Amino acid sequence: MEGSFLKRMVIFLFCFLLMFPISAFAHPGELDELGGHFRGSDCVYLLHEPTALAKQAKTKQELVQLIQTYNGNERCKRHLTPERIDLDGHTLGKKEDRSTLRLGRTYPAELVECIDGDTAKFRVNGHVYTTRFLFIDTPESTIQVEPYGKEASRFTCSRLHQGNILLETDGDALFDKYQRLLAWVWVGKRLLQEDLAKAGLVEDFYDYGDYKYEARVRKAYEEAKRTGAGMYGKHAAGEREGAGTETRPQTGEKTAKTVHPPALENKTPLERSGRPVLYTLLGLAAAAALYWLIRRLT
């Protein structure tokens, strides 16, 4: 009797796993390119942190189309409707008022959040702007940690917490394609980009145009290479493993670091969203184990 009951339970679990993939149990833990994810229990899409891409949608129906393109959860996407989207308090189609900012101007700024070596959030004229520091590229230090990424982040955060910050807009664009403000960052009378370069914490450059202080930053960068500062010291050569130090070639479209770390840039949407491949493999392994147990009991 007991053996018969055990066999029925095993068969039930086996069928349950086949009908309800293991990925449904797992919280994805990662947000897709829109800043959201599907809730595993009921396939409701939760928009936690809307990115610039998500903010392009003015209605839930437009957001559905973006989710179909940029999220890799094929099971949940099949049943997605506007009613199955939870905006998590956010409002679609809301445009930020940027009329107070102009190119070629300097604005007092208050630090809101230090993100990494070349990105921070500032409050300017009552608005909070994610700001990409003009011209420089420091190693990653957020999800993907590159050699000297943490050092660059600590250097930047330490300077910014001193206060007395000014942001100076320059070039031919106020914002990049990820809706980040582009600015030179002054702390007191010191240019932060120049100090980062002199400390050997700038690995590369990017261009959105011709900038006012390019020559100063390049000179500091060359000095760091000459003196072996930061990542350019002999002891750091092995850690860097040949990381690029030359200016990126100019193309038709100016380039900059994306919101997503480089480790995710080359992955498909399926791989970026909730690791469904891993969950599928785990489900298959569990199913195989149950099948083996059923054969042993019968």
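Predicted model: local features only at pLDDT ≥ 70, side-chain atom pairs only at ≥ 80, totals over all residues.
Me: How many aromatic pairs are found in the whole structure?

Reply: Rings of Phe, Tyr and Trp (its six-membered ring) pair if their centres lie within 6.5 Å, and planes under 30 degrees apart count as stacked, over 60 as edge-to-face and the rest as tilted. The search here finds nine aromatic pairs. Trp184 and Tyr211 make an edge-to-face pair, at 6.1 Å centre to centre with 90° between the planes.

Me: Which parts of the chain does the pair of Trp184 and Tyr211 link?

Reply: Strands (E, at least two residues) and helices (H or I, at least four) are DSSP runs numbered from the N terminus. Trp184 belongs to strand E9 (residues 181–187), whereas Tyr211 is in the loop between strand E11 (204–205) and helix H6 (214–227), 27 residues apart.

Me: Why does Trp184 count as buried?

Reply: Buried means under 20% relative accessible area, exposed over 50%, and partly exposed in between (1.4 Å probe, protein chains only). Trp184 counts as buried because its relative accessibility is 0%, and Tyr211 is also buried, at 8%.

Me: Which residues do ring pairs link into a cluster?

Reply: The cluster includes Phe135, Trp184, Phe205 and Tyr211, and also Trp186 and Tyr213, both of which are buried.

Note on methods
Residues numbered from 1 in each chain as written. Heavy atoms only, no water.
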